[in-house]
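Here is a short report on the structure shown below. It starts at the ligand and then turns to the sheets and the confidence scores.

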Amino acid sequence: FKLKRACLLISFLVLCVMLVSGISRNKREKTSFRIPSSEICLIEVMNQFPHDPRAFTQGLLYAGNDTLFESTGLNGKSSVRKVALQTGKVLAIKKMEYSYFGEGLTLLGDRLFQVTWLRQTGFIYDRNNLSKVKQFSHQMQDGWGLATDGEVLFGSDGTSTLYQIDPQTFKVLRKQTVRYKDQEVHNLNELEFVNGEVWANIWQSDCIARISHESGNVVGWILLPDLREGLLKAGVTGIDVLNGIAWDNQKDRVFVTGKLWPVLYEIKLQPLT
Ligand code: DDQ
Ligand code: CA
């Protein structure tokens, strides 16, 4: 077990260094540095719940009373849905037009805000019946992740930029380049506001970056390769990347899932030191 953990750690240190230094994009100079173990968390799985394996999860949030809202992607299969946590059952669904690819989703008051991939268009829905209230356009390069602290919308577009957006006017209030030790962190994807931090899935990695929205700096990394690898080892096929973080602020529970994953996990952070 110890050995496995050590191997895991080493491979992820390398991955994180690659991620933050942008080596995978062949753009930047190679930089290497140590990531202190105090800035890394592994996870413990507290609970597992069923998740619709046909849901190409692009946005996820917890809305109280053991219910989640989820945005799914792929053209023709995109939707906004209300989901029962315990059973994974879809309680209500709003299917989207074929030309839209659902992405980040967040809840502010009674309104669900959703952005879409490769379109500057977003939608607002009524949380009670999923009826479309409004369509809006935004100023991000693309629509990937969305979250809120109850005041502003946090947005991501697959670059290293974290946006703060006015939920009324959709004007960009603040734009920060997310960095870890002065290196840009690219591919910011699904977002969640957790205990004062903004957490971001790094697209195509099993990593979540914990971002300070004051400085734009990554203050810690969460490594979760065991979830996707565990599903593969269990013989599950056709799954895509980790995507979707939701936070229950009442009970301080964190949920994660992935695109086309049959399971949604409740996780707890396990600091290395
Ligand atoms: N994004 O989530 C990274 C923003 C977009 C992912 C797009 C994945 C496209 C899959 C297309 C499959 C076509 C069969
Ligand atoms: Ca989320």
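## Ligand contacts

In this predicted model, an oxygen atom of ligand 1 lies 3.2 Å from an N or O atom in the side chain of Glu 103. The side chain of Lys 259 places an N or O atom 3.1 Å from a ligand 1 oxygen. For Gln 58, the corresponding distance is 2.9 Å. A polar contact is a pair of N or O atoms within 3.5 Å; within protein, one must be able to donate a hydrogen and the other to accept it, and residues adjacent in sequence count only if both atoms are side-chain atoms.

On its own, ligand 1 has 430 Å² of accessible area, and the protein covers 62% of this. Accessible areas come from the Shrake-Rupley method with a 1.4 Å probe; for residues, only the protein chains shown count as cover.

## The shell

Which residues surround ligand 1? They are Gln 58, Phe 101, Glu 103, Trp 117, Trp 144, Trp 203 and Lys 259. Near means that a heavy atom of the residue lies within 4 Å. The shell holds four nonpolar residues, one polar and two charged. Here Asp, Glu, Lys and Arg count as charged; Ala, Val, Leu, Ile, Met, Phe, Trp, Tyr, Cys and Pro as nonpolar; the others, Gly among them, as polar.

## Sheet 2-3-4-5

Four strands make an open, antiparallel sheet in the order 2-3-4-5. Strands are DSSP runs (E, at least two residues), numbered from the N terminus, and two of them pair if DSSP finds at least two bridges between them. Strand 2 (57–62) and strand 5 (90–95) are the edges, each pairing on one side only. The twist from one strand to the next averages 15 degrees. Angles run from 0 to 180 degrees between N-to-C directions of lines fitted to C-alpha atoms.

Strand 4 (residues 79–84) and strand 5 run antiparallel, joined by five bridges. Opposite Lys 82 stands Ala 92 of strand 5.

## Sheet 6-7-8-9

Another open sheet of four strands has the order 6-7-8-9, again with antiparallel pairing. Strand 6 (102–108) and strand 9 (132–137) each have a single partner strand, so one side of each lacks a neighbour in the sheet. Neighbouring strands are turned by 20 degrees on average, direction ignored.

Five bridges link strand 6 to strand 7 (residues 111–116), which run antiparallel. Leu 107 has Leu 112 in strand 7 as its bridge partner.

## Confidence and conventions

Mean pLDDT (the predictor's confidence in each residue, from 0 to 100) is 93, and 92% of residues reach 70 or more. The model scores ipTM 0.92 and pTM 0.90. Where pLDDT is low, predicted coordinates should not be read in detail.

Residues are numbered from 1 along each chain as its sequence is written, chains are lettered from A and ligands numbered from 1 in the order written. Local features need pLDDT of at least 70, side-chain atom pairs count only at pLDDT 80 or more, totals for chains, interfaces and linings use all residues, and side-chain values use heavy atoms, without hydrogens and water.
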